[in-house]
Amino acid sequence: MFDWAAIVYFFFVGSVVGSFLNVVVARLPEGLSVVSPRSRCPRCQKQIAWYDNIPIVSWLLLGAKCRNCKLPVSPRYPLVELLMGCIGAVSFVQLGLTWQLLVWFPVAAILLAIVFLDIDHWWVPDVLTYPAMAWALAGAFLPGGIGWVAALLGLAPALFLWGLAWAFLKITKREGLGLGDVKLLALMGLVLGPMGAVTALFCAAIQGAVIGVIVIATGGHKAIPQPANDDGWVPHPRAIPFGPFLALGTYEVMLMPDVFADIPARIAAALLPLLQ
Ligand SMILES: [Zn+2]
């Protein structure tokens with residue numbers, strides 16, 4: 001039976017973390033501190049009081065506007081809080097009060113920050129992926145962890161993709177896959193092990209293809225900014241970032257293993273009779 005009080009608690013903790021992730025997504029690309037100063041309204045510069053900064057609730061109570069100058073506040077803010085709240089609650093239901101919850105929860109939060117940084121800036125920052133990889137590797141040794149063999153083998157899909165990206169660049173002189181995505185896949189391998197990472201990559205590719213076609217067909221990709229990165233790389237005008245789909249696949253395999261963990265095996269089982 002579910003412990004509803006604990007589920008509500010982990011939803012609340014997740015939504016508070018989501019509120020912090022909003023700050024990270026806004027300030028990290030600017031090179032600003034994510035801990036100080038306290039958040040201000042970008043127009044009237046009035047510091048946001050604690051009671052106007054309660055995840056999801058304050059946005060609703062204030063009617064999506066600044067209390068002082070009525071500047072509209074993007075629904076992105078409560079959305080990130082709601083998503084992280086749900087991730088917190090589902091993570092508790094799936095993992096229970098375990099060492100692995102302690103390992104997974106920060107990784108899940110970092111993944112959500114990466115989702116929105118990649119959408120906004122085509123940026124999967126090393127400053128987020130590297131600590132998450134170290135944390136996930138430590139978690140492999142903790143009780144309930146995947147162990148060091150699976151963690152090291154988990155890096156294999158990323159190495160394979162890194163080789164492909166390198167060959168693609170050599171042959172076509174164009175960047176087909178960013179190194180940020182390869183590092184993200186390495187993180188997935190350390191969290192999920194080799195089979196889990198391949199499954200999550202598979203889910204990411206399928207959903208990326210389907211959703212990508214829908215987004216481009218409806219013109220939604222024009223809402224994604226297309227600035228040149230610091231290194232001068234400019235995304236294709238109809239490209240959409242892949243990092244969010246890698247994160248989605250990771251959440252699916254980690255949090256809904258009953259649905260997603262054996263999808264490649266099921267598809268293989270369905271296709272095998274056709275080949276005979
Ligand atoms: Zn204001």
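Okay, let's start with Cys41, which is found in the loop between helix 1 and helix 2. Helices here are DSSP runs of H or I with at least four residues, strands are runs of E with at least two, and both are numbered from the N terminus. Before I go on, this is a predicted model, where local features need pLDDT of at least 70, side-chain atom pairs count only at pLDDT 80 or more, and totals for chains, interfaces and linings use all residues. Residues are numbered from 1 along each chain as its sequence is written, and side-chain values use heavy atoms, with hydrogens and water left out.

So, is Cys41 buried or exposed? At 4% relative accessibility, Cys41 counts as buried. Buried means under 20% relative accessible area, exposed means over 50%, and partly exposed is in between, with a 1.4 Å probe and protein chains only.

Now, what coordinates the zinc ion? The SG atoms of Cys41, Cys44, Cys66 and Cys69 do, at 2.3 to 2.4 Å. Donors are N, O and S atoms within 2.8 Å of the metal, or 3.2 Å for Na, K and Ca; water is not among the atoms, so sites may look incomplete. The site is tetrahedral, with angles of 105 to 113° among the four donor atoms. For four donors, that label asks for all angles to lie between 85 and 135 degrees. Along the sequence, the donor residues are spaced C-x2-C-x21-C-x2-C. Cys44 lies in the loop between helix 1 (4-27) and helix 2 (57-61), and Cys66 in the loop between helix 2 and helix 3 (76-95), so this pair ties together parts that are 22 residues apart in sequence. Cys66 counts as buried at 12% relative accessibility, while Cys44 counts as partly exposed at 26%.

On to salt bridges. How many does the structure hold? There are four. A salt bridge is a side-chain nitrogen of Lys or Arg within 4 Å of a carboxyl oxygen of Asp or Glu. In one of them, the side chains of Arg67 and Asp52 meet at 2.7 Å, N to O. Arg67 sits in the loop between helix 2 and helix 3 and Asp52 in the loop between helix 1 and helix 2, so the pair ties together parts 15 residues apart in sequence. Asp52 is buried at 14% relative accessibility, whereas Arg67 is partly exposed at 47%.

Asp126 also forms a salt bridge, with Lys183, and their closest N and O atoms are 2.9 Å apart. That pair links distant parts of the chain, with Asp126 in helix 5 and Lys183 in helix 8 (residues 179-217), 57 residues apart.

Next, the aromatics: the structure holds five aromatic pairs. Rings of Phe, Tyr and Trp (its six-membered ring) pair if their centres lie within 6.5 Å; planes under 30 degrees apart are stacked, over 60 edge-to-face, and the rest tilted. Tyr9 and Phe10 have ring centres 5.3 Å apart and planes at 85°, so that pair is edge-to-face. Phe242 and Phe245 have centres 6.5 Å apart and planes at 35°, so they are tilted. Also, Tyr9, Phe10 and Phe92 form one aromatic cluster.

And one last stop, helix 5 (126-141) and helix 6 (147-153), which each supply at least two residues of the nonpolar patch. Helix 6 gives the most, with four residues.

Methods
Tetrahedral: all angles 85-135°; square planar, octahedral: opposite > 155°, others 65-115°.
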